[in-house]
Amino acid sequence: MTLCISLSARPSNNGTRFHNHLYDQLGLNWIYKAFAPTDLAQAIAGVRGLGIRGCAVSMPYKEEVIALVDVMDPSAKAIDSVNTIVNDGGTLTAHNTDYTAIEQLLQRNAVPASYSVLLKGAGGMAKATAAALRDAGFRDVTVIARNEEAGRALVGLYGFAWRADVGSLTADMIINVTPVGMAGGPDAGSLSFPQEAVDAAKVVFDVVALPAETPLIKAARAAGKTVITGAEVATIQALEQFVLYTGIRPTDEQVRAAEDFMRAQ
C-alpha cells in the first residue's frame with residue numbers, strides 16, 4: 001500500500017475524501033491521511049524516512065517547509081511557496097498547485113484583468129494568488145496585510161500596492177487568503193471584509209475551503225455577487241496533486257464523483 005498525507009494546523013476531511021475516493025474509483029492500493037504536526041521538521045523527515053509518496057502542505061507551513069525539501073519545482077520556486085511535496089526514492093520535490101487553481105478559476109469565471117482587486121493576506125497562499133493575478137494581467141491590486149514586512153515584501157515581488165487594513169477601500173474583486181471564516185478557527189464566524197466592500201464588489205473570492213459557505217461567501221451570495229469558493233480551489237489543487245503523486249489523470253466524471261463525495265461530508 002502507498003501512503004500520501006497532508007499537513008495542516010487545522011486538518012479537514014476535504015483532501016482525504018477526495019483522494020481516497022479517486023483511489024477507490026481507479027482501483028489503486030493507496031491511502032490518504034491528514035495530520036496536524038507538532039514538529040514540522042520531524043514530520044517531513046518522516047515523509048522521507050517512511051517512504052510516504054506525497055505530502056500536501058497547508059497553512060501555515062507553505063513557506064516554512066521550503067528549507068526541508070531537496071528540490072524546488074519551478075511552480076514553487078517562482079513564488080517561494082509550497083503546497084505539494086513528491087517523494088521520489090527519498091528525494092523530496094516541492095510543487096505549488098494553488099497557483100494552477102487560482103489561474104483556472106479566474107479564467108473560468110471570465111474575470112476581466114481590468115478589475116481592481118483587494119487581496120487580503122500575505123502568506124504562502126497570498127503569494128500564489130498574487131502571482132496568478134499578475135500573470136493574468138491584473139495591475140490594480142492592493143494587498144491588505146497587518147504585517148507590514150510581509151505585506152511590503154509581497155507587493156515588492158509583483159508591483160502591487162500595500163495597505164495595513166481595508167478601511168473604506170473597495171474594489172471590483174475582493175479575495176480573502178487569510179484564515180478568517182475557517183471552521184474551527186477563532187474567527188470562524190467573522191467576515192474577512194467589511195460588508196461595504198462586499199456590496200461594492202462584482203466578484204467575491206474566498207480561498208477558505210471549510211466550510212465552503214464561509215461568512216464572506218454567504219454575504220456575497222445574499223448580495224447577488226459572482227462568487228468563487230475555496231471548495232473550488234481545493235478540488236483543482238487536489239486534482240493536480242493526485243496527478244503528481246500517481247501519474248494518472250482521472251476523467252472529468254471521476255473528478256466530479258470525488259468532488260461530490262468530498263462535499264457530502
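Which residues of the largest nonpolar core touch the most other members? Before you select them, note that this is a predicted model, in which local features need pLDDT of at least 70 and side-chain atom pairs count only at pLDDT 80 or more, while totals for chains, interfaces and linings use all residues. Residues are numbered from 1 along each chain as its sequence is written, and side-chain values use heavy atoms, with hydrogens and water left out.

**The largest core**

Select Leu133, Phe138 and Met173, which touch the most other members among the 36 residues of the largest nonpolar core. A nonpolar core here is a set of buried Ala, Val, Leu, Ile, Met, Phe, Trp, Tyr and Cys residues joined through side-chain atoms within 4.5 Å, and buried means under 20% relative accessible area, whereas exposed means over 50% and partly exposed lies in between (1.4 Å probe, protein chains only). At least two residues of this core are supplied by each of several elements, including helix 4 (98-108), strand 7 (117-120), strand 10 (173-176) and helix 9 (230-246). The largest share, 7 residues, comes from helix 5. Helices (H or I, at least four residues) and strands (E, at least two) are DSSP runs, numbered from the N terminus.

Now keep Leu133 selected and show what surrounds it: not counting residues up to four places away in sequence, Leu133 touches Leu106, Val117, Leu119, Phe138, Val141, Met173 and Ile175, where contact means heavy atoms within 4.5 Å. Apart from this core lies another one, of 17 residues, and Leu40, Tyr61, Val65 and Ile85 are among them. In soluble globular proteins, nonpolar side chains tend to be buried together.

**Helix 6**

Move on to residues 148-158, which form helix 6, and colour Gly151, Leu154, Val155 and Tyr158, which are buried. Why do they lie on the same side of helix 6? They do so because they cover an arc of only 90° around the axis, the arc being that of the directions from the helix axis to the C-beta atoms. The buried residues pack against helix 5 (124-135), strand 8 (141-144) and strand 9 (161-163), whereas the face turned away from the buried side carries the exposed residues Glu149, Gly156 and Leu157.

Look next at the two ends of helix 6. At its start, a side-chain oxygen of Asn147 comes within 3.1 Å of the backbone nitrogen of Glu149, and after the helix comes Gly159, whose phi is positive, near 75°.

**Helix 8**

Select residues 215-222, which make up helix 8, where Leu216, Ile217, Ala219 and Ala220 are buried. These four cover an arc of only 160° around the axis, which puts them on the same side of helix 8. Strand 10, helix 7 (195-200), strand 11 and strand 12 (226-228) are included in what covers them, while Lys218 and Ala222 are exposed on the face turned away from the buried side. Just after helix 8, Gly224 has a positive phi of about 75°.

Stay in this region and pick Thr229, in the loop between strand 12 and helix 9. Is Thr229 buried or exposed? Its relative accessibility is 5%, so Thr229 counts as buried. Leaving aside neighbours within four places in sequence, Thr229 is in contact with Phe205, Asp206, Ala212, Ile217 and Arg221.

Turn to Leu22, in helix 1 (residues 14-26), which is buried with a relative accessible area of 0%. Draw a distance from Leu22 to Pro250: the two are 228 residues apart in sequence and 7.8 Å apart in space, C-alpha to C-alpha. Beyond neighbours within four places in sequence, Leu22 is in contact with Phe242, Pro250, Gln254, Val255 and Ala258.

**Backbone details**

Lastly, select Ala110, in the loop between helix 4 and strand 7, which has a positive phi of about 50° although it is not a glycine. Ala110 counts as exposed, at 59% relative accessibility.

Technical notes. A polar contact is a pair of N or O atoms within 3.5 Å; within protein, one must be able to donate a hydrogen and the other to accept it, and residues adjacent in sequence count only if both atoms are side-chain atoms.
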